[in-house]
Amino acid sequence: GIVVHLHKVVVDEVTEPEREISLSEAQKINSDAQIGDTLAIESTPKNAGRIAAQTARQVVLQRLREAEQDAVFAEYHPKEGTVISGIIQQIDHNQVILDLGRVEATLPASEQIPRERYRVGQRTKIYLLEVLSAGNRPQLIVSRTHPALLQKLFELEVPEIQNGTIEIKAIAREAGFRSKVAVATLQKGVDPIGCCVGLRGIRIQNIVAEMNGEKIDVVQWDKDPAAFVTNALSPASVENAELNEEWKRATVTVPDRQLSLAIGKDGQNARLAAKLTGWHIDLKSTSMAEAEKAALQEKLGEEELATAAEATLKETSEVVETEEIEELATVTPADTEEVEEVEVTATAEASEEIAPTETGELYPDSLTELEEEPVAPEIEEEELIPITEVLPPLPLQNEAVLGESEIRFAEDIMPADDRGPRSGKKKKKSNFRRR
């Protein structure tokens with residue numbers, strides 16, 4: 001048979017009847033009962049059987065599981081955003097299951113480092129991303145690619161970060177390849193980069209080993225954006241950095257030999273520097289910057305010359321118009337009539353002074369006869385000049401051979417035996433003899 005006992009505590013005043021019993025009631029069951037004792041009181045149900053016992057067992061186990069889940073959730077929920085250690089228990093195609101002791105954690109494919117390889121039984125440090133209370137048990141999501149994992153590893157390895165002497169200002173990370181960490185000191189005389197690197201690089205080497213060989217650059221943070229951008233592009237050296245506050249753009253000039261180093265493999269160094277500083281960085285070599293500057297100066301010079309020429313032309317036109325207006329303003333109608341009369345009189349006097357020539361009177365005395373057409377003078381035949389006296393005779397081609405009055409043809413000039421042009425090739429004699 002089944003016997004059920006109910007445990008109750010003996011008290012003076014009963015506040016919870018299900019768990020407590022008064023002293024008088026307890027002494028009725030057991031005369032030796034005292035305050036504070038626990039009595040086992042039988043409370044077996046009348047219809048208690050096998051089915052009822054199985055149901056009671058399931059209910060009890062369910063309540064125990066719920067209590068355990070609540071305890072796990074209460075333990076790990078405050079640890080969100082921290083680094084914990086786990087052992088790889090199972091590797092699936094898309095996710096990795098880690099054993100944390102009382103609970104399992106899931107490392108999804110999106111939070112795994114691309115080049116990292118896992119094996120069963122390997123202990124690794126992970127970043128607790130989120131704790132979910134869903135289903136029968138709490139679900140823990142962890143990450144290996146989150147930038148905060150790098151920050152927590154620095155806090156574990158560098159005591160100066162733990163006590164607040166050094167502060168991590170920003171982190172830019174491409175998991176599995178390269179990361180940049182900007183640090184600043186809150187105390188004068190402390191080298192933040194040296195503290196993070198450690199003696200002979202022991203601190204940074206431990207972090208790199210935990211991240212499976214990921215390259216980590218520690219740079220100096222600066223409140224001046226230009227200096228911060230310059231430091232973020234290390235290990236490349238920077239000659240000049242010009243910032244545009246409105247567009248959040250930085251134009252950086254580096255030596256020609258340092259351009260490839262500043263850009264990095266597949267642009268990784270420049271991309272991480274932009275993420276770290278929050279500025280859009282335009283990289284230029286020294287030769288490129290000088291060429292652009294010369295082209296800009298030439299363009300500005302041409303524009304200035306064009307503007308000056310236009311201004312000069314405008315001033316000249318204004319001066320000419322002003323002088324014409326002044327001349328027109330000084331001439332009166334009376335003066336204009338006097339000038340015209342003087343010109344007419346001078347023309348008449350000049351026409352009277354012209355004397356007749358040998359060929360005839362070209363200009364008559366009266367002005368009215370100027371309108372008639374002038375008659376061309378007659379030229380006698382004797383006055384004609386032969387053309388041979390004017391133009392010299394053309395020289396002959398063979399003036400040395402021909403006389404002045406003798407004319408000969410080409411056949412007379414050429415030698416008798418000249419029968420035409422001969423070919424320069426000579427006929428070769430044949431060495432072949434007929435037999």
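Author: Two strands are taken to pair if DSSP finds at least two bridges between them. The model to which this is applied here is a predicted one.

By that criterion, strand E12 and strand E13, residues 249-254, are partners: five bridges join them, and the two run antiparallel. One of the positions along this pairing is Asn240, whose bridge partner in E13 is Thr253. The sheet to which they belong is open and has three strands, in the order E12-E13-E14, with mixed pairing. E12, residues 240-244, and E14, residues 280-285, are the edge strands; each has a single partner strand, so one side of each is left without a neighbour in the sheet. From one strand to the next, the twist averages 20 degrees. In a regular strand, side chains alternate between the two faces of the sheet.

Helix H7, residues 225-232, packs on this sheet and touches E12, E13 and E14. The direction of H7 makes about 125 degrees with that of E12. The loop between H7 and E12 contains Pro235. The peptide bond that leads from Ser234 to Pro235 is cis, with omega near 15 degrees. Most peptide bonds are trans.

A second sheet can be set beside the open one. Here five strands close into a barrel, in the order E4-E5-E6-E8-E7, and the pairing is again mixed. Its neighbouring strands are turned by 50 degrees against each other on average, with direction ignored.

Strand E4, residues 83-91, pairs with strand E7, residues 123-134, in the antiparallel sense over five bridges. Within this pairing, Ile87 has Arg123 of E7 as its bridge partner. E4 is also joined to strand E5, residues 95-99, by four bridges, and these two strands run antiparallel as well. A hairpin of three residues leads from E4 to E5. Ile91 stands opposite Val96 in E5. The next step is from E5 to strand E6, residues 104-108, through five bridges and again with an antiparallel run. In this step, Ile97 has Thr106 of E6 as its bridge partner.

Helix H3, residues 147-157, packs against helix H6, residues 202-210, at an angle of about 140 degrees, and their axes are 10 Å apart. That angle makes H3 oblique to H6. The crossing of H3 and H6 is right-handed. On the H3 side, the contact is made by Leu150, Leu153, Phe154 and Glu157; the residues they meet in H6 are Arg203, Ile204, Asn206, Ile207 and Glu210.

The loop between helix H5, residues 192-197, and H6 holds Arg200. The phi of Arg200 is near 55 degrees, a positive value in a residue other than glycine. Most residues other than glycine have a negative phi.

As for rings set against rings, the structure holds one aromatic pair.

Methods: Residues numbered from 1 in each chain as written. Predicted model: local features only at pLDDT ≥ 70, side-chain atom pairs only at ≥ 80, totals over all residues. Heavy atoms only, no water. Axes fitted to C-alpha atoms, helices over the stretch in contact; angles between N-to-C directions. Contact = heavy atoms within 4.5 Å. Phe/Tyr/Trp six-rings, centres within 6.5 Å; stacked < 30°, edge-to-face > 60°. Parallel < 35°, antiparallel > 145°, perpendicular 65-115°, else oblique. Left-handed = near helix turned anticlockwise from the far one by under 90°.
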